[in-house]
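Here's a quick briefing for anyone meeting this structure for the first time. Have a look at the sequence and the model, then read on.

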Amino acid sequence: MNIAASNADAADYVAAQQIAAGALPAAGTPWLDASRDKAKVILADVGLPTTRLEDWKYTNTRSITRTKFDPVLRSESWSETAVIEQLKVPELKSHRLVFADGIFVSELSSDADLPRGVRVMSMAQLLQSEPEYLKSALGSALPESPHGFTAMNSSFISDGAFVEIGAEVMLDKPIELLFVSACSGKDRLGLPRNLVLCRSGSSATVVERYLSATKSRSLTNVVTEVVLDDSASLNHYRVVDESADSFHVGGLFVQQDQSSRLDACSVVVGGGLVRNDVLVNLNAPGAAVDLTGLYLGRGRSHIDNHTHVVHHTPDGTSREHYKGILDDRSRAVFHGRITVESGAQQTDSEQSNHNLLLSRDAEVDTKPQLEIYADDVKCAHGVTVGQLDDKAVFYLRARGVGEDEARKMLTLAFAADVLAKIEQPALKGYLERCVSDLLSSITHTS
Amino acid sequence: MLSVTNLDVAVNGGMILNELNLEVQAGEVHAIMGPNGSGKSTFANVLAGHPGYEVTAGSVIYEGQDLLQMDPEERARRGVFLAFQYPVEIPGVSNVYLLKAAVNEIRKHRGESELDAVKFLKLVREKLKLVDMKEEFLHRAINEGFSGGEKKRNEIFQMAMLEPKLAILDETDSGLDIDALKVVAQGVNELRDSSRSIVMVTHYQRLLDYIVPDYVHVLAGGRVVKSGGKELALELEEHGYGWIEGQTAELLETRA
Ligand SMILES: Nc1ncnc2c1ncn2[C@@H]1O[C@H](COP(=O)(O)OP(=O)(O)O)[C@@H](O)[C@H]1O
Ligand SMILES: [Mg+2]
C-alpha cells in the first residue's frame, strides 16, 4: 500500500535522526529535544507525501524517495571561494551569509557593519549560545499539520539563518542568504532552517537564493519562518536556481501582526523538482501581504507552488500574482488557497495565476481555492493558461524582428510585470538575466 | 517595384482573392478601394507575409524577387511595411524597444552598423514631431490602451522610422478626425519620393484629398474590377459602391 510505502521512505530519515539527535546543536535543551522528537514522530507517522494526498496529487515524489539522501548536519569545511564568486550577483551590495549544503560557512560570509538592533547569524551558533532566545519563536509559524518534508526539517533543526530586525530599524541594504547545494559529493541533503523576526515598525529586505555548486544530485529541504510584529515590513525574495538534477522542497511560513506588510517574491528558474509551500497568517487588523511568483520550466522540470493565505481578522489585504512560463516537457502546479475566517470582514483579496505554454508537451495544473466564511469581503481571482499571441508574433515579424526573437520578446514581456515589482535594481537585473538566459535556449517555431 | 499576377488566396478553405493583378512602379501611389469584405486587408496581409493566408495560385514579384518565398521579417528588412488596419496591443514590450530592434534589424540586413543611442534618439525625436506625438509615448507598451487614432498614428510613426520602399497602408484613415487625418497624410507625403511606392487601402475618398494617388483600383469580390486615375475615386464617391457592384455583375454576366 502507498501509505506503508511512504512510511518506509521516511524510515531512513527517522533512523538517521535518532542516530544524530544527541549531537545536534543545543541537544539536551529540553524544549528543543521535545520539539525535534515530536517532529520525528510526525515524520514517522505521516511519512513522505505521495500522490494520494490531495495537496500532492500532481507532484509525485518518487524521484526523490527512490534515493536515500544523506543529511548534512555539521560543517564539512567546504569553502570554495571561486564558486561563491561565480554565484554572486554583480552589483548587489548585501549582508551575505553563505551556507554549504545548509551549514553556515563563516569564511565566505560578510555580516560585518550591521547596524544596531540587527542580528544576522548562524542558527547553529545561536542555538548553542542562547537556545532560550529561540524558544517561543522557533516553530511558531509552522502549519498545524505539516507534511513529511517539513516535519523532517523540524526533526533535524541544526543550522540555517537567524535574522532579527530590531524595533523601528530601517535596514536598506538587503540581507542575502546564499544556500549552495551539492557542495560535498552526491546525494546530500541540506536542511536549512531559517527564522526571520521583524520587530515592530522595522523594515528590511531578505533575499534567499538556492544554487548548486556542482551538477550532482542533491535535495534541499528548507523551512523559513517569518514573524512580522505590528507595522513591520519585509521584502522577501526566494530564488531557486539549482541544477536540473536537484530536488528542492521549501516552506515559507509567516505570522503577521497588525498593520504589518509582507512583499514576498518567489522566482524558480532551475531545478529538477521544486515544491514551494507558502502559508501566511494575517493575525491582526490591517495586515497586508503581496505574493508574486514567477516560475520557468524547461526540460523535464516540475515546479509546484502551493500557497495558502489565511485572513483571521478584519481589514486584511492579500494580493497574489503568480506567472509561469513552461517549455519542453516541463510541468507546473499552482494551488492558491485563500481562507477568509468569519471574523475577517472587509477583507480585500485578489489572486491570479497566468501560464504561458511554449511547447505542446508542457503542462500545468492550476487551482484557485477560495474559502470564505465572512460576508463583507472583496475577493477576486483569475486563472489562464495560454500560448503566445500569434497576432503579436506576426506584428513584430512584420517590423523586421526575427521569429525566435519575437517569441523571446513576447515571453519576456509576459514576465515583465512580475519583474517590474522588484525594487532592488541589482536584483532585478539579475532576475531579468536569469529569465532571458533561460529564454535564449528557446528556439521553437511552432 | 511590385508586380502581382493572377493572385488567388484562400483562408480556411474559402477563396478570398481571385486572379488579382496589380503593377506598382517605383515612385507611384496606388489607392485600393472597395466595399467591406472585398478582400482589401487580405491582400495587404498577404503582401506582408501573414502565415494565416494561403496563396493557391499566382505570383508576387518585389524588386525582381519572389516575395511569397520570403518570411515576414525578411520582407520587412527588404523594405516592405504594412500599417495594420487593427494594430495589436502588446503589453510588456515598449514602443521604443521594438523600434530599436526593428531599425537595427533593417540596418543589419543592409550591412550597416547599429545606430548608437544618440543618433537613434535624434531620429526618434524628429519622427515623433512629424506625427505630432509626445516623447513619453515611447515608453508605453505597444498600442496598449491607445485610442484608435493613437494606434494609427503609431503605425505612421513606425513607418516614418523605418523608411520603407513599399508602404502598404490598410485603412489608416478610418476612424480618424480631420486633424489626425492631416497628420497621417503628412507622414505619408513626407515619405513620398521617386524611389518609394505606396499602396493605400481606403474606404473613403476623403484621404485622397490629402494624399493624391496616381492610380485608383476598385476591389470587389476578391478581384480588381476597375482601375483608373484619381478621378475614379470621385466617381465612386458620387455613385457609391453599389454602382461598381452593378457593373461587376454585368461584367461577370458577359463573361459567363
Ligand atoms: N482569417 C479569416 N478567416 C475566415 N475568413 C476570413 C479571414 N480573414 C478574412 N476573411 C474573409 O475574407 C473576406 C475579405 O476580408 P477582408 O480582407 O478583411 O476584407 P476588407 O479588408 O476588404 O474589408 C471577408 O469575407 C472575410 O470575412
Ligand atoms: Mg480591411
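Which residues does A:N276 touch, not counting residues up to four places away in sequence? They are A:R238, A:H248, A:G250, A:S266, A:V268, A:D304, A:N305 and A:H306, where contact means heavy atoms within 4.5 Å.

A word on the ground rules: this is a predicted model, where local features need pLDDT of at least 70, side-chain atom pairs count only at pLDDT 80 or more, and totals for chains, interfaces and linings use all residues. Residues are numbered from 1 along each chain as its sequence is written, chains are lettered from A and ligands numbered from 1 in the order in which they are written, and side-chain values use heavy atoms, with hydrogens and water left out.

**A:N276 in chain A**
- You'll find A:N276 in strand β14, residues 273-282 (strands are DSSP runs of E, at least two residues, numbered from the N terminus).
- A:N276 counts as buried because its relative accessibility is 3% (buried means under 20% relative accessible area, with a 1.4 Å probe and protein chains only).

**Ligand 1 and chain B**
- The residues around ligand 1 include B:P35, B:K40 and B:Y53 (each has a heavy atom within 4 Å of it).
- Helix α1 of chain B, residues 40-48, gives the most to this shell, with 3 residues (helices are DSSP runs of H or I, at least four residues).
- One oxygen atom of ligand 1 sits 2.5 Å from an N or O atom in the side chain of B:T42.

Notes. Buried means under 20% relative accessible area, exposed over 50%, partly exposed in between (1.4 Å probe, protein chains only). A polar contact is a pair of N or O atoms within 3.5 Å; within protein, one must be able to donate a hydrogen and the other to accept it, and residues adjacent in sequence count only if both atoms are side-chain atoms.
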